Amino acid sequence: MTAPDLRGHASGHVRETRPRYDDEELTMPRPSKYAPDTRPRRPHWMDDAACFGAEATAFFPVGAKGVPAKIYALHAKSFCRRCPVRAECLEHALTFPEKYGVWGGLDEDERAELLRDARRAAERERRRAKLARDKAAEREAACANT
């Protein structure tokens with residue numbers, strides 16, 4: 001029988017791969033991967049969502065049997081109107097580009113329009129700032145020449 005390859009494990013230190021939060025208590029790791037996870041975890045925004053526990057297919061509308069997808073989307077958006085974490089949901093959908101479904105009360109087309117408008121506004125601001133820098137440089141050059 002051959003000895004196991006222990007290269008890289010000489011220190012005997014096992015690194016914890018999960019991120020630790022400052023306000024989290026240090027607890028003993030689970031004795032095995034099959035033991036229940038009793039470590040405290042930070043609450044996630046999805047736990048407070050109005051749609052928590054609802055059928056996921058309701059939020060990914062597809063027209064079926066003559067009913068257009070817009071009608072299904074309106075049903076999904078009815079959950080979002082009363083949701084306390086609507087802003088976090090929309091932020092998630094814009095940060096991690098969710099291509100399909102209703103997120104934060106907006107469907108795919110509405111989120112795409114929102115992103116398009118934000119890109120256009122950022123481009124306008126970038127051009128405005130560049131123009132202001134160029135004018136300031138011209139004034140500074142004109143003052144230096146006189």
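Predicted model: local features only at pLDDT ≥ 70, side-chain atom pairs only at ≥ 80, totals over all residues.

Reader: What does the pair of Glu 110 and Lys 77 tie together?

Author: Glu 110 lies in helix H3 and Lys 77 in helix H1, so the pair ties together parts that are 33 residues apart in sequence.

Reader: Why is Lys 77 called buried, and what is Glu 110 called?

Author: Buried means under 20% relative accessible area. Lys 77 has 13% relative accessibility, so Lys 77 counts as buried. Glu 110 has 30%, so Glu 110 counts as partly exposed.

Reader: How do you know that Lys 70 forms a salt bridge with Asp 109?

Author: The closest N and O atoms of Lys 70 and Asp 109 are 3.8 Å apart. The limit is 4 Å, so this pair counts as well. Lys 70 lies in helix H1 (residues 69-81) and Asp 109 in helix H3, so parts 39 residues apart in sequence are tied together.

Reader: Which residues are linked in a network of salt bridges?

Author: Lys 70, Lys 77, Asp 107, Asp 109 and Glu 110 are linked in such a network. By the same rule, the count comes to eight salt bridges.

Reader: How are Glu 125 and Arg 128 placed in helix H3?

Author: They are three residues apart, which means a separation of about one helical turn. Glu 125 forms a salt bridge with Arg 128, with the closest N and O atoms 3.1 Å apart. Exposed means over 50%. Arg 128 has 52% relative accessibility, so Arg 128 counts as exposed, while Glu 125, at 44%, is partly exposed.

Reader: How do you know that the buried residues of helix H2 are on the same side?

Author: In H2 (residues 86-95), Cys 89, Leu 90, His 92 and Ala 93 are buried. They cover an arc of only 155° around the axis, so they sit on the same side of H2. On the other side of H2, Ala 87 and Glu 91 are exposed.

Notes:
Residues numbered from 1 in each chain as written. Heavy atoms only, no water. Buried < 20%, exposed > 50% of the residue type's maximum accessible area, 1.4 Å probe, protein only. Helix = DSSP H or I, 4+ residues; strand = E, 2+ residues; numbered from the N terminus. Arc of directions from axis to C-beta. Salt bridge = Lys/Arg side-chain N within 4 Å of Asp/Glu carboxyl O.
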